[in-house]
Amino acid sequence: MSGWRPGYVVPTIFRYLWPVMEFRFFHHFGSYLLMLKGMFSRPENMRMFWREFMRQCVDIGIGSFGIVFIISLFMGGVTTLQIAYQLVSPLIPKSTIAQVVRDTIILEFAPTLTCIVLAGVVGSKIASELGNMRVSEQIDAQEIMGINTKGYLIMPKIMAALIMIPCLICIAGFLGIWGGEKAGELGGILSSDQYWQGLRQEFRAYNIFFALFKSFVFAFIIASVPSYYGYNVEGGALEIGKASTSAVVVSCVLILFMDYLLAALLL
Amino acid sequence: MIELVNIKKGFGDKIILPDVSAVMETGKVNLIIGTSGSGKTVMMKCMVGLMPVDAGKVLYDGKDFTNMQEHEKKEIRQQIGMLFQGSALFDSMTVEQNVMFPLDMFGKGTLREKKTRVMECLERVNLKEAAKKYPAEISGGMKKRVGIARAIVLNPKYLFCDEPNSGLDPQTSLLIDKLIKELTLEYNITTVINTHDMNTVMESGDHIVYMYQGRKQWEGSNKDIVFSKDEKLNDFIFASEFLRDAKEMRQMEMFQDQNWRNQIKKD
């Protein structure tokens with residue numbers, strides 16, 4: 001290993017890999033934008049579009065409610081316990097725990113954590129559904145009938161996500177705060193009255209706006225990125241699995257990146 | 001009538017169709033035959049517009065499909081019915097809903113009229129009893145017949161079938177071939193079938209195009225094909241020992257028959 005010089009090898013590898021990475025990034029980004037552009041056309045049949053949209057609303061909204069319910073409750077409960085564990089000073093009133101729980105849940109946990117989970121649940125479903133339709137030629141069958149498949153298959157998913165995911169995040173916020181209250185009571189940390197007093201302290205409505213704004217951005221990512229991966233699958237069952245995994249990974253990374261960017265810009 | 005004028009298609013450096021011209025006649029079953037990888041499927045996908053051609057034209061009754069605006073293409077596409085190799089039925093819909101789908105999307109009339117039309121088509125393919133079943137609950141042959149019913153429900157002018165007999169037993173294959181032939185004559189459709197099934201060739205090949213390495217090697221009807229002198233075509237048709245023996249026996253019979261007739265004439 002006399003020739004092994006990390007200072008030389010690493011930049012060399014990067015120099016050769018970068019053009020490929022750059023090309024792939026711009027290729028995917030360009031195709032993604034073209035897909036979004038292709039969605040905007042007048043639906044062939046408004047009634048069918050509406051039916052598909054409602055089906056997606058049920059799939060995304062009702063279908064994910066169970067997992068959102070469980071996550072939110074435990075998220076609130078654990079947050080209360082951990083904040084109580086850290087706020088040991090007798091000078092800090094107990095109601096502060098509720099105040100911190102409220103802001104943590106509204107600003108971060110309800111939108112981001114819920115959306116990360118939804119990226120897995122909804123994202124993989126969208127990617128595998130579209131991927132399966134592509135592989136089994138169902139999308140080709142619709143194209144031949146003269147249907148704009150991007151408009152008929154992808155647009156309702158994105159619209160449904162933009163409506164249902166913010167609703168789910170609102171529910172997650174309420175459930176999280178409620179879970180926090182119950183965990184506080186059950187653990188003997190603070191009473192219900194103290195918790196409610198804390199919830200009302202220094203409440204800022206802007207936080208709700210911020211959470212909702214984030215939820216719209218994340219909802220768009222959760223529906224559009226897996227749609228792109230699923231719609232462009234080539235091959236068979238193995239490729240559907242790969243597309244599904246890539247869709248979830250890319251969606252999660254984008255959610256975290258946008259979370260940081262929005263916090264930096266809006267807070 | 002569908003005309004292909006100097007079609008060229010390639011993927012990267014690989015040229016699949018170097019220069020193909022052919023005419024698919026109205027009211028006839030037009031077959032595209034050839035070994036796997038000879039460019040049949042690419043040619044069919046170019047014809048229906050699922051793949052853009054690199055050069056050349058596809059004319060539907062004299063109208064240039066390749067250079068049409070998207071809304072004009074949609075009009076032509078609504079006159080196309082296609083049966084896919086894997087049937088491409090929509091998994092989430094029943095047989096009845098699958099056949100109803102093109103009618104719902106583009107058909108005019110009341111729900112009752114649409115249902116009547118769907119039942120007519122299902123009766124035509126002998127599947128009325130399976131109307132309420134899902135694609136997963138029916139056999140491969142039944143799926144193909146549902147695919148045919150869906151393809152003809154809008155009274156298409158052009159019917160494309162991609163390997164309609166693949167994965168079917170000989171009896172069901174024959175049934176599908178007969179059905180396609182009957183429908184072609186009944187509705188005076190331009191039918192194009194992509195196959196390498198010799199039964200289909202002999203049963204329903206009114207007009208046959210034999211593809212070899214992306215080029216049109218031979219053209220004729222099922223009456224001419226057995227007597228063709230084209231070596232590559234003969235290698236394809238008489239691929240098995242059994243068929244070669246059968247051909248020799250048939251030629252011998254014809255020779256003996258001719259001798260016998262000549263003998264009678266002399267006597």
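1. How many bridges join strand S1 (residues 2-11) of chain B to strand S4 (residues 55-60) of chain B? Five bridges join them, and the two strands run antiparallel; helices (H or I, at least four residues) and strands (E, at least two) are DSSP runs, numbered from the N terminus. Within this pair, B:Val5 stands opposite B:Lys57 in S4(B).

2. On the basis of the record: this is a predicted model, in which local features need pLDDT of at least 70 and side-chain atom pairs count only at pLDDT 80 or more, whereas totals for chains, interfaces and linings use all residues. Residues are numbered from 1 along each chain as its sequence is written, while chains are lettered from A and ligands numbered from 1 in the order in which they are written.

3. The strands S1 and S4 of chain B belong to an open sheet of four strands, ordered S2-S1-S4-S5 with antiparallel pairing, where two strands pair if DSSP finds at least two bridges between them. Its edges are strand S2 (14-24) and strand S5 (63-64) of chain B, each of which pairs on one side only. Across S1, S2 and S4 of chain B lies helix H1 (residues 40-48) of chain B, running at about 120° to S1(B); axes are lines fitted to C-alpha atoms, for helices over the stretch in contact, and angles run from 0 to 180 degrees between N-to-C directions.

4. In chain A, the axes of helix H3 (residues 95-135) and helix H5 (residues 149-186) come within 8 Å and cross at roughly 145°. The residues of this contact of H3(A) with H5(A) comprise 18 nonpolar, five polar and two charged, with Ala, Val, Leu, Ile, Met, Phe, Trp, Tyr, Cys and Pro counted as nonpolar, Asp, Glu, Lys and Arg as charged, and the others, Gly among them, as polar.

5. Chain B is divided into domain 1 (2-232) and domain 2 (233-267), with bounds that come from an automatic or database domain assignment. Ten residues from domain 1 of chain B and five residues from domain 2 of chain B make up the contact, residues being in contact if their C-beta atoms, placed from the backbone, lie within 7 Å. The C-alpha centres of the two domains of chain B lie 34 Å apart.

6. Between the chains, the contact takes 15 residues from chain B and 13 residues from chain A. On the side of chain B that touches chain A, H3(B) gives the most, with four residues, and the classes there are ten nonpolar, two polar and three charged residues.

Notes: Two residues are in contact if their C-beta atoms, placed from the backbone, lie within 7 Å.
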